[in-house]
Amino acid sequence: MKKLKLLAFITILSVAFLSCGDEKDLSQDLAGLWKQDEVLVDGTPAQLNDCEKEVTLLLEANGVYRMFDTCSSMEHSGTWIFSDKEWLNMSMDKITGMNSSDGTYRYGQVLVRFTILNVDNSNLEIRIKTTLGERKKTIQFTQMIQDTIVTGEQALLLDTKNKEMHSYIYRFKKMQL
Amino acid sequence: MYQIKNAFLIGLSIMLLLVVGCKSDVTDLNSEKLMKSWQLVSMTKNEQPVSLTDCQQGELILFAEKNVCYIYTACDNTDLRSAWNYEIKTMILNISDYLPVTFYIQQLDAGNLTVRYYDYSSDGKLDTYKKYYKSVQTTLENGKLRLKQ
């Protein structure tokens with residue numbers, strides 16, 4: 001009888017621990033103000049200019065984010081959610097066209113899914129694998145210079161380059177709010 | 001029979017633990033204190049007082065039932081009907097028309113409401129604002145929120 005009770009106790013404890021073990025929510029760690037510190041493209045540090053080093057990302061606890069691209073002096077906002085143990089899902093602005101009247105860009109929102117490589121009290125490291133073309137169109141913290149096509153040959157070359165897959169790692173430092 | 005009863009109890013205990021131990025955090029809404037009319041009385045930016053004009057001090061907000069809120073901004077004489085929700089766990093107050101600006105409730109009692117929020121300046125600096133409200137009596141007619149005379 002004692003053995004049965006002990007077995008039951010161990011079973012209950014095991015179930016209680018195991019059933020909750022997979023639900024580590026990183027949302028609280030992710031929330032806060034982050035400043036872009038480093039970008040790696042295919043493992044190689046990209047040369048960031050001064051304005052790129054000033055890019056900040058504010059992840060608020062209600063699932064809303066705001067970021068300021070200091071290079072284009074534009075604020076972008078959307079929603080974010082943590083899911084599946086390691087994903088940071090963000091609705092991000094993507095260039096959909098240009099207004100011919102004033103030359104400004106039109107944006108739509110797309111879902112962008114980053115893999116969280118590391119997040120703690122002071123560092124955030126996320127990675128995305130995407131094509132260069134997608135990276136150019138999507139405002140992944142800074143807006144890249146858009147393609148200007150002059151000749152057919154250039155267009156062909158750009159098209160090939162834009163289809164190449166790359167790995168982008170973004171490193172942020174946590175700022176005091 | 002005794003063993004069947006034990007097995008049943010064990011099963012029940014496991015079920016209970018699973019339900020209690022793993023239930024998602026339920027949003028604890030304690031919105032009653034908020035559900036009244038508030039008038040803006042003062043404001044700070046990065047802890048420095050911001051001087052408000054008379055019309056700015058006329059800003060009114062009523063958090064009503066069914067997550068509807070009414071906002072009156074006296075300076076441009078506009079009336080807004082919006083949606084709101086308050087999550088006590090994070091102390092976050094969302095007002096749909098003001099999103100993505102997120103409000104954090106700093107103080108809430110019978111007569112006072114203080115909210116904090118962040119906003120980017122044109123050069124990308126993140127400023128911290130605090131708005132101080134007092135509880136007031138208002139009237140609401142045809143969606144227009146006004147101070148009760």
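**Notes on a predicted two-chain model**

1. A pairing to begin with: B:Leu93 has B:Phe103, a residue of β7(B), as its bridge partner. Strands here, like helices, are DSSP runs numbered from the N terminus (helices H or I, at least four residues; strands E, at least two). β6(B) and β7(B), the latter covering residues 103-108, pair in the antiparallel sense over two bridges. Two strands pair if DSSP finds at least two bridges between them.

2. Some ground rules before going on. This is a predicted model, in which local features need pLDDT of at least 70, side-chain atom pairs count only at pLDDT 80 or more, and totals for chains, interfaces and linings use all residues. Residues are numbered from 1 along each chain as its sequence is written, while chains are lettered from A and ligands numbered from 1 in the order in which they are written.

3. On confidence, the predictor gives the complex an ipTM of 0.80 and a pTM of 0.81. Chain B averages a pLDDT (the predictor's confidence in each residue, from 0 to 100) of 85, and 80% of the residues score at least 70. Please note residues 12-29 of chain B, where the pLDDT is below 50; this stretch has 21 contacts in the model beyond near neighbours in sequence. A contact means that the C-beta atoms of two residues, placed from the backbone, lie within 7 Å. Where pLDDT is low, the predicted coordinates should not be read in detail.

4. Back to the strands of chain B. β6(B), residues 92-95, is also joined to β5(B), residues 78-87, by four bridges, and these two strands run antiparallel. In this pairing B:Asn85 stands opposite B:Asn94 of β6(B). The hairpin of β5(B) and β6(B) has four residues between the strands, and B:Met91 takes a positive phi near 60° there.

5. The loop between β6 and β7 of chain B holds B:Pro100. The peptide bond leading from B:Leu99 to B:Pro100 is cis, with omega near 10°.

6. Two further backbone angles deserve a look. B:Asn67, although not a glycine, has a positive phi of about 60°; B:Asn67 sits in the loop between β3 (60-63) and β4 (68-73) of chain B. B:Asn67 is partly exposed, with 15 other C-beta atoms within 10 Å. In chain A, A:Asp84 has a positive phi near 50° and is likewise a residue other than glycine. A:Asp84 belongs to the loop between β5 and β6 of chain A, and is exposed, with 8 other C-beta atoms within 10 Å. The cut-offs, for C-beta atoms placed from the backbone, are 20 or more others within 10 Å for buried, 12 or fewer for exposed, and in between for partly exposed.

7. Chain A has four helices and nine strands, in the order α-α-β-β-β-β-β-β-β-β-α-α-β along the sequence. Of its 177 residues, 21% count as buried. Among contacts in chain A with a separation of 6 or more, 55% are between residues 24 or more positions apart.

8. Finally, the cores. A nonpolar core is a set of buried Ala, Val, Leu, Ile, Met, Phe, Trp, Tyr and Cys residues joined through C-beta atoms within 7 Å. The largest has 24 residues, and A:Leu57, A:Tyr65, A:Met67 and A:Leu88 are among those with the most contacts inside it. Elements giving two or more residues to this core include β3 (56-59), β4 (64-69) and β9 (165-175) of chain A. Apart from it lies another core of 16 residues, including B:Leu60, B:Phe103, B:Val115 and B:Leu145.
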